[in-house]
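The following exercises are to be worked with the sequence and the three-dimensional structure at hand. Each task is followed by a solution that goes step by step.

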Amino acid sequence: MFPINVKAMKNYADFMMVLSPNDNIKAQVQEHKQYAAKIIGNYESMHSIAHISIKNLSRQKAFVTEPVILASAKTLRTLPPITLTIDGFDYFNHGEDYKTIYAKLRTNHITTLWFKTLKKHLGIKEFMVPHITIARNIPVWAFDHLWPHFKSINWIENFTVNELTVLQRETFATFAKWDLFATLPFEAKHLVGPAPKHAPLKMGNQNGVKNGQISLF
């Protein structure tokens, strides 16, 4: 079984699904956030603990959504733990006036397939760039002060994620805090991707291919 917080049921709740890095990564991200706050003042996300956002569910009927989330544990067990690599920093543009600075995650065919499979298991159709936020939605003037610093940092570090963390808070409670709802482990030994799609076989004398040979398109 997986750990679950069995506090009193909430009528309406928000849920946040995240991947949590290790304590060392969290501490380093917090240091970067503190540096940013010293330069530009308080900003959104400055106190949030380092994480990779996967899916948010707002204003859910708790008695309906909680069992659905817990039921997903069965399919999530078919994913193996994933080792990710932080590879410097990058940023998102939010129109012309705001930007987000984040710790960039290196991508390859394994991580791409892993996140694709995770999204499929959780019913996520939206495009997603896995990342760890440093300074979210800051004005351009603040970005211009911070980016030369972050751009020059050569931060390359691995960490392994063994589970999906699900957080929960009451939707209509004033100043509601996120509480741990459940941790859903990844337990497979290997990542199993979808079977490759084979192109149709064509016979004939096309593009210099002699009759009787097989051409793959």
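A residue counts as buried under 20% relative accessible area, as exposed over 50%, and as partly exposed in between. The model is predicted.

**Exercise 1. Overall description**

Task: State how many helices and strands the protein chain has, and what percentage of its residues count as buried.

Solution. 
1. The secondary structure comprises five helices and ten strands.
2. The chain has 217 residues, of which 40% count as buried.
3. Among contacts with a separation of 6 or more, 76% are made by residues 24 or more positions apart.

**Exercise 2. Salt bridges**

Task: Determine how many salt bridges the structure holds. For each pair, locate the partners and classify their accessibility.

Solution. 
1. The structure holds three salt bridges.
2. In one of them, arginine 169 pairs with aspartate 14, with 3.3 Å between the closest N and O atoms. Arginine 169 belongs to strand S7 and aspartate 14 to strand S1, so that distant parts of the chain, 155 residues apart, are linked.
3. Arginine 169 has a relative accessibility of 28% and is therefore partly exposed, whereas aspartate 14, at 8%, is buried.
4. Another salt bridge joins arginine 77 and glutamate 187, whose closest N and O atoms are 3.6 Å apart. Because arginine 77 is in the loop between H3 and strand S3 (82–94) and glutamate 187 in the loop between S8 and strand S9 (201–203), this pair ties together parts 110 residues apart in sequence.
5. Arginine 77 is partly exposed at 28%, and glutamate 187 is partly exposed at 48%.
6. A further salt bridge is formed by arginine 106 and aspartate 87, with the closest N and O atoms 3.3 Å apart. Arginine 106 lies in the loop between strand S4 (98–105) and helix H4 (109–122), and aspartate 87 lies in strand S3, so the pair ties together parts 19 residues apart in sequence.
7. Both partners are partly exposed, arginine 106 with a relative accessibility of 38% and aspartate 87 with a relative accessible area of 24%.

**Exercise 3. The faces of helix H2**

Task: Identify the buried residues of helix H2 and explain why they line one face of the helix.

Solution. 
1. Helix H2 spans residues 62–71, and its buried residues are Ala62, Thr65, Glu66 and Ile69.
2. Viewed down the axis of H2, these buried residues fall within an arc of 105°, so they line one face of the helix.
3. The face turned away from the buried side carries the exposed residues Phe63, Val68 and Ala71.
4. The buried residues of H2 pack against strands S1 (12–19), S2 (52–61), S7 (163–170) and S8 (179–185), and against helix H3 (73–76).
5. Neighbours within four places in sequence left aside, threonine 65 is in contact with Phe15, Leu57 and Gln60.

**Exercise 4. Surroundings of valine 18**

Task: Is valine 18 buried or exposed, and which residues is it in contact with beyond its neighbours within four places in sequence?

Solution. 
1. Valine 18 is located in strand S1.
2. With a relative accessible area of 3%, valine 18 is buried.
3. Beyond the sequence neighbours within four places, valine 18 is in contact with His51, Ile52, Ser53, Ile54, Leu164 and Thr165.
4. Threonine 183 is 165 residues from valine 18 along the chain, and their C-alpha atoms are separated by 9.8 Å.

**Exercise 5. The second largest cavity**

Task: State how many cavities of 30 Å³ or more the structure holds, and describe the lining of the second largest cavity.

Solution. 
1. The structure holds two cavities of 30 Å³ or more.
2. The second largest cavity contains about 30 Å³ of space.
3. The residues that line the second largest cavity are Lys33, Ser48, Ile49, Ala50, His51 and Thr133.
4. By class, this lining has two nonpolar, three polar and one charged residues.

**Exercise 6. Positive phi values**

Solution. 
1. Serine 45 has a phi near 80°, a positive value in a residue other than glycine.

Note on methods. Residues numbered from 1 in each chain as written. Predicted model: local features only at pLDDT ≥ 70, side-chain atom pairs only at ≥ 80, totals over all residues. Heavy atoms only, no water. 1 Å grid on protein atoms, 1.4 Å probe; cavity = no way out; pocket = protein on both sides within 12 Å on 5 of 7 lines; lining within 4 Å. Points joined across faces, edges and corners; volume = space filled by probe spheres on them. Nonpolar A, V, L, I, M, F, W, Y, C, P; charged D, E, K, R; others polar. Buried < 20%, exposed > 50% of the residue type's maximum accessible area, 1.4 Å probe, protein only. Helix = DSSP H or I, 4+ residues; strand = E, 2+ residues; numbered from the N terminus. Arc of directions from axis to C-beta. Contact = heavy atoms within 4.5 Å. Salt bridge = Lys/Arg side-chain N within 4 Å of Asp/Glu carboxyl O.
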